[in-house]
Amino acid sequence: MKISGKTKVCGLIGDPVEHSLSPCIQNAAFRHCGLDFVYVAFRVKKEELEEAICGVRSLGIHGLNVTTPHKINVIPYLDGLDDTAKKTGSVNTIMNKNKKLIGYTTDGLGAIQALRYRGVDPSEKKIVILGAGGASRSVSLVLAMHAAEIVILNRTVTKAEKLAEELRLYHETNASVKAKELNKQNARQEIKDADILINATSLGMPPQENVMPVDSSLLRSDLVVFELVYEPCETKLLLEARKKGAVTIDGLTMLVFQGAVSFEIWTGKKASLEVMMKAAVDELASKIKG
Ligand code: ATR
């Protein structure tokens, strides 16, 4: 890839960012399309966010991804929001349109596209979401527009209740929304007639890679299991679900789909999912090798 004075710069802001797979995924996609674009990661501390966003305008940075801890706090510094970002109050993608910075969120759309890619339509389904942190919020707000029923199970029940309340108040939510503590009894009761189970807790990623968020006896061949953890690519939950013959969707697929939507916003071109997926898998494998 030749960098020139005309190369358009895209990047990621967050803290931390050094382990992100996005630079590999996006640069592979730019190269594949022959685009004169480059993608880099910028570590931006919480207290430096406003300055960083001013810098985007003055440096003419073309587009950004936004990750933890800035997805919500970045909003006051932007010039506009697309519809979904407005409704969810969260931004993970910024496009610089002649110094006007427009915020988008591709997390939820990425989740829906990943489900549909695997032949799963979330419409009118009962979806059980484990976890009530940032990842859960991003996907649940968008899935609530499609599903019939959303159940949020979380270790800290007050956080699940707060998120459920937000979903209920959210004016396009037709789904019935419940919040409960994540424990054996509630998991059994809610998962037994669920169509889709989403793990949005950090259980399954190192150092808790051998921990499953729910008992494997609750998994069935007709329960779609969607994992947001992407490292390892196949978590214990996905492995056990696959053994039961369930449709499984891994966190890397979700990461690639949301990245593809960002790519399309910045370039106006269709992203190659195969190229992005291969870059993600290769990078993860080389990180594991050390
Ligand atoms: P993210 O942005 O990845 O969602 P987060 O906001 O820190 O990260 O959320 C982590 C989620 O994993 C939370 O739902 C957390 O539950 P609590 O709200 O009770 O903290 C969940 N989680 C983390 N460790 C857990 C554990 N050992 N058992 C159950 N849930 C856990």
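**Salt bridges, helices and one lone aspartate**

Let's start with Arg137, which counts as buried because its relative accessibility is 17%; buried here means under 20% relative accessible area, exposed means over 50%, and partly exposed is in between, using a 1.4 Å probe and protein chains only. Before I go on, a word on the source: this is a predicted model, where local features need pLDDT of at least 70 and side-chain atom pairs count only at pLDDT 80 or more, while totals for chains, interfaces and linings use all residues. Residues are numbered from 1 along each chain as its sequence is written, and side-chain values use heavy atoms, with hydrogens and water left out.

Okay, so who does Arg137 pair with? Its side chain meets that of Glu166 in a salt bridge, at 2.5 Å from N to O. By salt bridge I mean a side-chain nitrogen of Lys or Arg within 4 Å of a carboxyl oxygen of Asp or Glu. Arg137 sits in helix 5 (residues 134–143) and Glu166 in helix 6 (residues 157–169), so this pair ties together parts that are 29 residues apart in sequence. When I say helix or strand, those are DSSP runs numbered from the N terminus: H or I with at least four residues for helices, E with at least two for strands. Glu166 counts as partly exposed, at 30% relative accessibility.

How many salt bridges does a search of the whole structure find? It finds 18. Another one joins the side chains of Glu149 and Lys178, at 3.7 Å from N to O. That pair links distant parts of the chain too, with Glu149 in strand 8 (residues 149–154) and Lys178 in strand 9 (residues 176–181), 29 residues apart. Lys178 is partly exposed, with a relative accessible area of 32%. Both residues belong to a network of salt bridges that also takes in Lys126, Lys180, Glu190 and Asp193.

Lys243 is exposed at 59% relative accessibility, whereas Glu240 is buried at 14%.

Now for my lone aspartate. Asp250 lies in the loop between strand 12 (248–249) and helix 9 (251–267). Asp250 is buried yet has no salt bridge, and the nearest side chain of opposite charge, Arg118, is 6.5 Å away. For charge, Lys and Arg count as positive and Asp and Glu as negative; His and the chain ends are not counted. What does the side chain of Asp250 reach? The backbone nitrogen of Leu252, at 3.2 Å.

Helix 10 (residues 273–289) has Met276, Ala279, Ala280 and Leu284 buried. Those four cover an arc of only 125 degrees around the axis, which puts them on the same side of helix 10; the arc is that of the directions from the helix axis to the C-beta atoms. The face turned away from that buried side carries the exposed Glu274, Lys278 and Lys289. The buried residues pack against helix 1 (22–32) and helix 9.

And helix 1 itself? Eight of its eleven residues are buried, so helix 1 is largely enclosed by the rest of the structure. The buried ones include Ile25 and Phe30. After helix 1 comes Gly34, with a positive phi near 65 degrees, and just after helix 10 Gly290 takes a positive phi of about 90 degrees.

Terms used. Polar contact = N/O pair within 3.5 Å; in protein donor to acceptor, adjacent residues only side chain to side chain. Contact = heavy atoms within 4.5 Å.
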